[in-house]
Amino acid sequence: MTVHLTGNFEIKGNGMMIVPVAASTLEAQLGAAAALSGISLAQLSRDFQGKAGEKLMFYPASADGFSGQFILAGLGETADPQPLRQAVREAVQARPEIASVWVDLRLLLPENRPEQLTALVSAAVEGCLLGDYRVGRFKTADPGKAEAGERQFTLLVDASQLSTARIAARRGEVLAGAQRRVMDLVNAPSNQKTPEMLSDIARALGKSCGFSTTLLSREAMETLGLGGLLAVNQGSTLPPAFIIMEYRPKGKSAQNLPHIGLVGKGVTFDTGGISLKPSDNLQYLKSDMAGGAVVIATMEAAARLSLPLQLTGIVPATDNMPDGAALNPGDVIHTYSGQTVEVIDTDAEGRLILADGLAYLKKHFDPEIMIDLATLTGAAVISLGSEAAALFSNSDALAGSLAVAGEHSGERVWRLPLFDGYSKAIDSAIADVKNYGGKAAGAATAAKFLEKFIDNHPAWAHLDIAGMVLAESGGAPGRVATGYGVRLLTVYLEGLGGKKV
Ligand code: BES
Ligand code: ZN
Ligand code: ZN
């Protein structure tokens with residue numbers, strides 16, 4: 001799979017030409033399409049208005065040497081990155097057998113607005129590479145489709161915009177690559193992504209992209225007292241993992257750069273443990289490590305883009321299994337922070353491993369910003385569905401920046417409150433706190449639980465992404481990974497601009 005850019009307008013051969021059209025550029029683009037197709041402008045304007053999601057296909061009558069199809073892809077009112085990404089993605093995904101794909105951005109891209117140009121070119125590249133994603137990695141044959149990696153994508157831009165577009169296209173490749181990494185990891189079944197396998201993947205990525213990886217052994221976890229992670233792992237036949245990743249830019253004095261810490265829930269399969277979940281749709285609980293996947297892939301993106309910041313990522317990983325040795329409801333455990341937890345429900349396991357991840361991050365790294373991501377509660381899905389992740393934060397500034405990054409990346413977040421009153425629900429009679437506060441405000445009481453493990457850090461955000469990680473894709477039956485989160489975080493990190501926060 002390769003992406004090219006060209007300012008050379010001569011197109012030869014067969015393939016597909018995607019022409020994204022915004023209402024603001026409709027007239028000029030329909031004029032060009034009419035000339036190419038031999039269809040009258042009046043007819044074309046009746047059939048195509050450039051609305052978001054709208055597509056119109058035709059074969060050109062007069063394009064020199066080009067015998068492929070043209071697809072006008074509507075973006076809505078203005079040329080914005082998210083509809084462009086989506087339109088290109090849909091067009092590419094709809095025809096997996098077409099090996100040569102062009103995207104004509106010439107009439108769409110603004111003049112003299114390099115930031116907007118960058119965002120649009122990047123989004124078009126992301127659309128190509130996300131549209132080319134295949135979920136059938138475990139199929140032994142995938143007939144009738146261009147072999148994965150065989151397709152070629154070429155973006156047409158004005159010759160004067162080539163140099164800016166080249167940098168933007170590379171950013172798009174990095175972002176889409178990281179998002180596809182999350183999709184691969186989340187789509188993988190639990191027997192292909194044990195905690196040990198996740199550790200290996202993180203280590204290999206660190207080597208190839210440029211971040212360091214420290215993997216704690218079980219003995220080290222026991223000595224340190226990572227009691228939350230070890231408790232959840234008690235019922236498992238597989239050892240837990242505690243993955244610590246550090247990206248530090250080369251050649252700059254790191255002290256002057258902002259330091260961001262990320263923690264991601266890495267539950268490779270969540271049966272609920274002794275508080276066993278019902279078996280309907282249980283297969284989807286392989287996605288319970290999505291937060292961890294996003295943290296790993298964000299390390300990759302930050303390192304590959306050489307972002308001017310220090311980034312530390314922590315992924316506590318284990319499955320959550322019922323067993324004779326498993327944690328029981330009512331058990332009291334000692335977490336890394338020193339606080340004791342009464343485990344009311346063994347299915348509220350994510351917060352137990354995140355408690356250790358957050359406390360470890362604070363104690364050993366004390367970054368200026370701490371962000372955790374987790375498929376933490378069904379309650380977040382009840383509140384917001386799949387339109388936005390639930391955001392909880394003790395910092396208005398951080399919450400605001402994440403909301404802006406959500407709008408820019410197309411991966412939205414919506415803030416919910418961390419009222420002190422929610423703490424009451426998780427008061428325990430016999431331990432410092434309990435891990436389940438009842439159904440009311442379930443996402444908020446879970447966030448309140450996590451807050452007890454950040455040791456009064458002033459700028460922490462928790463993203464409950466439970467509703468965002470899987471969706472019907474149209475391309476395959478059932479729900480598949482969206483890759484949500486890595487674009488959100490990368491855009492947030494880029495937005496810091498290398499400045500201390
Ligand atoms: N991983 C689940 C949350 C979840 C459920 C994510 C479905 C995605 C889809 C989490 O560990 C969990 O089981 N949460 C419980 C918490 C409850 C027992 C306090 C829930 O939300 O029901
Ligand atoms: Zn659970
Ligand atoms: Zn879970």
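This is a predicted model: local features need pLDDT of at least 70, side-chain atom pairs count only at pLDDT 80 or more; totals for chains, interfaces and linings use all residues.
Local features were taken at pLDDT of at least 70 and side-chain atom pairs at pLDDT 80 or more. Residues are numbered from 1 along each chain as its sequence is written.

The zinc ion (ligand 3) is coordinated, at 2.0 to 2.4 Å, by Lys265 (NZ), Asp270 (OD), Asp288 (OD) and Glu349 (OE), where donors are N, O and S atoms within 2.8 Å of the metal (3.2 Å for Na, K and Ca) and water is not among the atoms, so sites may look incomplete. Along the chain, these donors follow the spacing K-x4-D-x17-D-x60-E. Asp270 also bridges this ion and the zinc ion (ligand 2), the two ions lying 3.2 Å apart. Asp270 belongs to strand β10 (residues 266-270), whereas Glu349 lies 79 residues away in the loop between β13 (340-342) and α10 (350-364), helices (H or I, at least four residues) and strands (E, at least two) being DSSP runs numbered from the N terminus. Both Asp270 and Glu349 are buried, that is, under 20% relative accessible area (1.4 Å probe, protein chains only).

Elsewhere in the model, six strands form an open sheet of mixed pairing in the order β1-β6-β5-β2-β4-β3, two strands being paired if DSSP finds at least two bridges between them. Its edge strands, β1 (2-6) and β3 (55-58), each pair on one side only. Strand β2 (residues 16-21) runs parallel to strand β5 (residues 100-104) and is joined to β5 by three bridges, with Ile18 standing opposite Val103 in β5.

Note on methods. Chains are lettered from A and ligands numbered from 1 in the order in which they are written. Side-chain values use heavy atoms; hydrogens and water are left out. Buried means under 20% relative accessible area, exposed over 50%, partly exposed in between (1.4 Å probe, protein chains only).
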